[in-house]
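Visitor: I would like to learn how to read the features of this model one at a time. Could we begin with the terms and then turn to each case?

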Amino acid sequence: MTDIDEAMLIALVDGELDEVNRRRVERAVAADPALAARLTQHRSLRARLAGHYAPVAQEPVPDRLRAVLEESATVTPLVRTAPRWRNWAMGGAIAASLVLGLGLGRLSGTEPGSIGTRDGVMVAQGALATALDGQLASTQADGPIRIGLTFQRKGGGWCRSFDGAIAGVACHEGEGWQVQQALPGAGQNTAYRQASSADARVMATVDALIDGALADADREKAAQAKGWR
Amino acid sequence: MSFERDLLAILPRLRRFAASLSRDRADGDDLCQAALERGLKARDQWQPGTRLDSWMYRIMRNLWIDEARARQRAAHTFAPEEAGAHVGHAGDRDVEAHMMLSDVDRAMQALPQEQREAIALVLVEGLSYKEAAAVLGVPMGTLTSRLVRGRGALLELMGEAA
């Protein structure tokens, strides 16, 4: 062999040589059949190893591994990433029951157009539908309706939690939003906001529906851009 | 939340790395699960802006080393002295598992650990020498000599047809 050692040869195969050295090794290989044969061996070894394990990265991830991440995503980070929810949970019991009492009235009263029924299911309308369609949790201002969490549900499809006069979860179905849950919400004025007791129940619904992790700001935005389809 | 999402995105590659280190796919997934759990627990130690895949490779590799050490200790404790030469490969379960393995799996398993992990990171995972050396915490020269020796051994084990 020439002065080209094994390390140089495999560095060529691994794409680790700079231009000058690459040329030098290639010239040596062209002039030395034994070296060329060795290079071929190394190339096919790399290809065979890579090819052997490649299918592992292409097959679907087993459920048990996915579950490790999902459990973690639905339990811990909610507190980290959505502190709003925690604050809402801190309301006193008296204030909470006050809102509950008022809330039922509101459900049918102050926002008559927010939830309607179509073919026997609750659907979002009016301001609620507009908020679900267009409002991003990451950028929303203090409005009458606040969007909480955005996530994909088991079986596919986007869902979002909301709070306002009514709190709950709605999932995108066909052309609109099917309301999965509607509870008296925290209300839009600050006096009532901290009194909401809806969030624990809303969270239970989110937990029951969610598939995978909660959408972060980027995914929320991307999903909205695609019309929640 | 985006931490889990990022882990999910690299999970297929983590599984592949685990498979190339482990004796078989089931062991690989066990290793992968342990690494995910460890990574989630240690999430505060990961520095955003650095590579999550390298960080997870390192976690997985350390777990793998620990586990191999524990297995070796157990083998030393329970196997008779003469069996010492086969420590790490002894046991009926191993023999059985071996029969199901391909040439590649078998050859990879025959490599010393430090060569196998180097080969796995560079040839299977496609890391650069610099990245692989960082994951393993060794100088570049150490990495390249392990790659040379490991490849020589693999070519021999797998025959000229490799």
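Guide: Helices, taken as H or I runs of at least four residues, and strands, taken as E runs of at least two, are DSSP runs numbered from the N terminus. Please keep in mind throughout that this is a predicted model. With that numbering, R23(A) and E19(A) both belong to helix α2 of chain A, residues 19-31, where they are four residues apart, about one turn of the helix.

Visitor: How far apart are the closest N and O atoms of R23(A) and E19(A)?

Guide: A salt bridge requires a side-chain nitrogen of Lys or Arg within 4 Å of a carboxyl oxygen of Asp or Glu. The closest N and O atoms of R23(A) and E19(A) are 3.1 Å apart, and the two residues form a salt bridge. Over all chains, the structure holds 26 salt bridges.

Visitor: How many salt bridges are counted between chain B and chain A?

Guide: The count between these two chains is five, and one such contact joins the side chains of D103(B) and R48(A), with an N to O distance of 3.9 Å. Twelve residue pairs are also found in polar contact across the interface of chain B and chain A, both residues of each pair being at pLDDT 80 or more. On the side of chain B that touches chain A, the elements giving two or more residues are α1 (2-21), α2 (25-41), α5 (103-110), α6 (113-124) and α8 (140-158) of chain B, and the largest share, twelve residues, comes from α1(B).

Visitor: What area do chain B and chain A bury between them?

Guide: The size of an interface is often given as the accessible area lost when the parts come together. Here chain B and chain A bury about 4000 Å² between them, with 64% of it on carbon and sulfur atoms. In terms of residues, 46 of chain B are in contact with 41 of chain A.

Visitor: How does strand β5 of chain A pair with strand β6 of chain A?

Guide: Strands β5 (residues 166-173) and β6 (residues 176-184) of chain A run antiparallel and are joined by eight bridges, with H172(A) standing opposite W177(A) in β6(A). The two strands form a hairpin with two residues between them, and G174(A) in the turn has a positive phi of about 55°.

Visitor: Which residue takes a positive phi in the hairpin of β1(A) and β2(A)?

Guide: In that hairpin, which has two residues between the strands, D119(A) takes a positive phi near 50°. Strands β1 (residues 115-118) and β2 (residues 121-124) of chain A pair in the antiparallel sense over four bridges, and the bridge partner of G116(A) in β2(A) is V123(A).

How values were computed: Residues numbered from 1 in each chain as written. Chains lettered and ligands numbered in written order. Predicted model: local features only at pLDDT ≥ 70, side-chain atom pairs only at ≥ 80, totals over all residues. Heavy atoms only, no water. Contact = heavy atoms within 4.5 Å. Buried area = accessible area lost by both parts, 1.4 Å probe. Polar contact = N/O pair within 3.5 Å; in protein donor to acceptor, adjacent residues only side chain to side chain. Pairing = 2+ DSSP bridges.
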